[in-house]
Amino acid sequence: MSDPLVIAGKSYASRLLVGTGKYRDFAETREAIEASGAEIVTVAIRRTNIGQNPGEPNLLDVLPPERFTILPNTAGCYSADDAVRTLRLARELLDGHALVKLEVLGDPTTLFPNMPETLKAAETLVKDGFEVMVYCSDDPIQARMLEDIGCVAVMPLASLIGSGMGILNPWNLRLIIDAAKVPVIVDAGVGTASDAAIAMELGCDGVLMNTAIAQARQPVRMAGAMRKAVEAGREAFLAGRMPRKLYSADPSSPQSGLIGS
Amino acid sequence: MIQLVINGQAESVEDGLSVAALLHARGLAGKRLAVERNGEIVPRARHAETRLADGDRLEIVVAVGGG
């Protein structure tokens, strides 16, 4: 595999990570994830029905853990304690699987991360043997703190979860990328393919998204577009863009040999 | 009978019921799920031997779609 994304010592060919929420049904979920090429897929942990609907299909039958790296999240948790408890349940559910996505939210209006609680949860989880990929604010100092705690990836938001507002502060993302020794994955805010490409061109190691695919008019088609955008953005980053030349044009064609000269 | 709280709902079940028997009775045996009892994980390997007690609070969770 050339240019793999390496998280906690494991290599992945795809730099696109996808969520599994907001799809019409499990068939569409599976089809979109196949089209995205993602190998790491996030899931949420919720109470099951307790016998009211025993034949209900299970998401993990559609996305078998033997085939995908399942990344359980703590979406909906507003305290470190709830997040830790949720991920301990996830670890039991997934037979000891250590790789998790930590997010501790600050309020239901913005879903902005509560960083003090996030740092506290990260510390507990790392000590408990989890490999923590962490949703965080785009603050380079707190990203470094999370890295120092031992998180295996930092995942700053590009804009609010589910907003589709794109990359609102590329400069902060660059500060985080330039300083980080662990993968930096933009998590939240991507709206369309160009947003994903911009994140990758900035030097992000990957992009995690859900709503941009699931709420597109044609989710499966958008999943394919995102796959290409992430690949194109990564290639452009590695290729190294030309410098920006403000107010100075530079013709691509020769200036000599013009007819009539 | 003993009183439990399962996923936030009060329930009465027969005395001496194990976690495994409860899951079986609810059609949840063999499903991909995880059980927490009074804040502590009950590992799958101990479902059969873990007897429920009056006042136990259980959380039974599964993976669902999420971002």
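The model is predicted. Chain A and chain B bury about 2600 Å² between them. A strand pairing, β4(A) with β5(B), crosses from one chain to the other.

**Helix α7 of chain A**

- Helix α7 of chain A spans residues 193-202.
- Its buried residues are A:Asp195, A:Ala196, A:Ala197, A:Ala199, A:Met200 and A:Leu202.

**The A–B interface: extent and make-up**

- On chain A, 32 residues are in contact with chain B; on chain B, 28 residues take part.
- Carbon and sulfur atoms account for 54% of the roughly stated total, about 2600 Å².
- A:Arg47, A:Ile50 and A:Glu92 lose the most area on the chain A side, together 28% of what that side buries.
- There are 5 salt bridges between the chains.
- One pair in salt-bridge contact is B:Arg32 with A:Asp61, where the closest N and O atoms are 3.9 Å apart.
- Polar contacts join 16 residue pairs between chain A and chain B, counting pairs with both residues at pLDDT 80 or more.
- Three elements of chain A each supply at least two residues of the side that touches chain B: β4 (40-47), α2 (59-62) and α3 (80-93).
- Of the elements, β4(A) gives the most to that side, with 6 residues.
- By type, the chain A side divides into 10 nonpolar, 11 polar and 11 charged residues.

**The strand pairing across the interface**

- β4(A) pairs with strand β5 of chain B, residues 57-65.
- The two strands run in the antiparallel sense, over 5 bridges.
- A:Arg47 stands opposite B:Val61 of β5(B).
- A:Arg47 is also one of the chain A residues that lose the most area to chain B.

- A:Leu59 sits in helix α2 of chain A.
- Is A:Leu59 buried or exposed? It counts as buried because its relative accessible area is 1%, under the 20% cut-off.
- Beyond four places in sequence, its contacts in chain A are A:Thr20, A:Phe26, A:Thr29 and A:Val43.
- From chain B, A:Leu59 touches B:Ala63, B:Val64 and B:Gly65.
- A:Val43 is 16 residues away along the chain, and the two C-alpha atoms are 8.6 Å apart.

**A:Thr118, buried in a helix**

- A:Thr118 is found in helix α4 of chain A, residues 115-127.
- It is buried, with a relative accessible area of 0%.
- Which residues does A:Thr118 touch, not counting those up to four places away in sequence? They are A:Leu102, A:Val104, A:Pro113, A:Val134, A:Tyr135 and A:Leu146.

**A:Ser159, buried in a loop**

- A:Ser159 lies in the loop between β8 (153-156) and α6 of chain A.
- At 3% relative accessibility, A:Ser159 counts as buried.
- Its side chain makes a polar contact of 3.4 Å with the side chain of A:Ser163.
- Leaving aside neighbours within four places in sequence, A:Ser159 is in contact with A:Met165, A:Gly166, A:Leu168, A:Ala188 and A:Gly189.
- A:Asp187 lies 28 residues from A:Ser159 along the chain, with 8.7 Å between the C-alpha atoms.

**B:Ala45, exposed in a loop**

- B:Ala45 lies in the loop between β4 (40-42) and β5 of chain B.
- It counts as exposed because its relative accessibility is 71%, over the 50% cut-off.
- The C-alpha atoms of B:Ala45 and B:Ala20 are separated by 9.7 Å, and the residues are 25 apart along the chain.

**A hairpin in chain B**

- Strands β1 (residues 2-6) and β2 (residues 9-13) of chain B run antiparallel and are joined by 5 bridges.
- B:Ile2 stands opposite B:Val13 in β2(B).
- The hairpin has 2 residues between its strands.
- In this hairpin, B:Asn7 takes a positive phi near 50°.

Notes:
Residues are numbered from 1 along each chain as its sequence is written. Chains are lettered from A and ligands numbered from 1 in the order in which they are written. This is a predicted model: local features need pLDDT of at least 70, side-chain atom pairs count only at pLDDT 80 or more; totals for chains, interfaces and linings use all residues. Side-chain values use heavy atoms; hydrogens and water are left out. Contact means heavy atoms within 4.5 Å. Buried area is the accessible area (1.4 Å probe) that two parts lose on being put together, summed over both. A salt bridge is a side-chain nitrogen of Lys or Arg within 4 Å of a carboxyl oxygen of Asp or Glu. A polar contact is a pair of N or O atoms within 3.5 Å; within protein, one must be able to donate a hydrogen and the other to accept it, and residues adjacent in sequence count only if both atoms are side-chain atoms. Helices (H or I, at least four residues) and strands (E, at least two) are DSSP runs, numbered from the N terminus. Ala, Val, Leu, Ile, Met, Phe, Trp, Tyr, Cys and Pro count as nonpolar, Asp, Glu, Lys and Arg as charged, and the others, Gly among them, as polar. Two strands pair if DSSP finds at least two bridges between them. Buried means under 20% relative accessible area, exposed over 50%, partly exposed in between (1.4 Å probe, protein chains only).
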